Amino acid sequence: AVVSTQSRHYRRGKIRGLVEPMRMLLRYAGIDYEEVVYEQGDAPNFDKSVWFDVKFTLGLDFPNLPYLIDGDVKLTQSISILHYLSAKTGLFPKGSNPADISRYDMIDHAIMDFVLIGVRLCYDSTADNFEANKVAVVARGKEFMKQFSSALGDNKYFAGDDITGTDFWMFEAIDRFVKMEPTFIEHDNLKMFMERIRGLPELKEYFNSPESTYHWPLNSKYAINTF
């Protein structure tokens with residue numbers, strides 16, 4: 001059955017932002033969904049009223065972007081949405097016990113920490129100090145990569161043979177750093193993991209179509225570097 005899902009997020013222009021792993025998951029699972037865009041204004045004011053005018057009218061417990069509406073279910077917070085979609089589509093570790101589920105949740109939050117150091121670089125730097133700041137951010141990112149490599153080990157995916165939302169989240173996170181530093185991946189198992197995700201038949205169009213959101217910039221128009 002097709003899940004009727006509205007994945008709504010404030011995009012501030014055509015960017016991947018924090019919602020891209022959810023797009024990947026839904027494309028992989030073959031789920032039809034409607035995406036509603038809240039388009040931010042241009043410089044110098046970057047007007048946000050298109051979102052703020054409706055923010056508290058949608059029935060969300062904690063209004064924020066991205067948000068998801070699936071029937072009576074209304075969620076915000078990226079990781080919560082990713083976990084819900086993983087469970088809803090069956091892209092969840094088979095036979096997991098509470099300890100396993102907590103481990104995958106831990107990995108997802110570690111990925112968020114990893115992503116945010118790159119995001120802050122792009123939004124908090126200036127044209128004068130971006131390159132200098134990038135050196136430290138890439139070095140910090142590689143510390144995370146060592147941990148991710150250890151967590152993956154010899155497995156195909158982070159839950160063994162079962163692909164889950166965590167894998168799409170991890171792909172997006174690493175790919176963001178690769179766009180910033182093409183030689184970023186140093187661990188063979190993570191290189192193979194990225195190739196494995198890219199090779200999924202269900203995502204062929206996602207990666208290859210020029211219309212795909214995969215080819216959108218990572219960050220919004222007022223970041224010092226949108227990549």
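1. Overall size first: with 227 residues, a compact globule would have a radius of gyration near 17 Å, and the protein agrees with this at 18 Å. The radius is taken over C-alpha atoms, and the globule rule is 2.2 Å times the number of residues to the power 0.38. Along the principal axes, the C-alpha atoms fill a box of roughly 50 × 50 × 35 Å.

2. Please keep in mind that this is a predicted model, where local features need pLDDT of at least 70, side-chain atom pairs count only at 80 or more, and totals for chains, interfaces and linings use all residues. Residues are numbered from 1 along each chain as its sequence is written, and side-chain values use heavy atoms, leaving out hydrogens and water.

3. On confidence, the mean pLDDT (the predictor's confidence in each residue, from 0 to 100) is 88, and 93% of the residues reach 70 or more. Helix α7 (residues 188-198) is highest at 98, while strand β1 (residues 5-9) is lowest, at a mean of 43. Residues 1-13 have pLDDT below 50, yet this stretch has 60 contacts in the model beyond near neighbours in sequence; contact means heavy atoms within 4.5 Å. Where pLDDT is low, the predicted coordinates should not be read in detail.

4. The protein has eight helices and four strands, counted as DSSP runs (H or I, at least four residues; E, at least two) and numbered from the N terminus. Their order along the sequence is β-α-β-α-β-β-α-α-α-α-α-α.

5. Buried residues (under 20% relative accessible area, 1.4 Å probe, protein chains only) make up 48% of the 227.

Key. Buried < 20%, exposed > 50% of the residue type's maximum accessible area, 1.4 Å probe, protein only.
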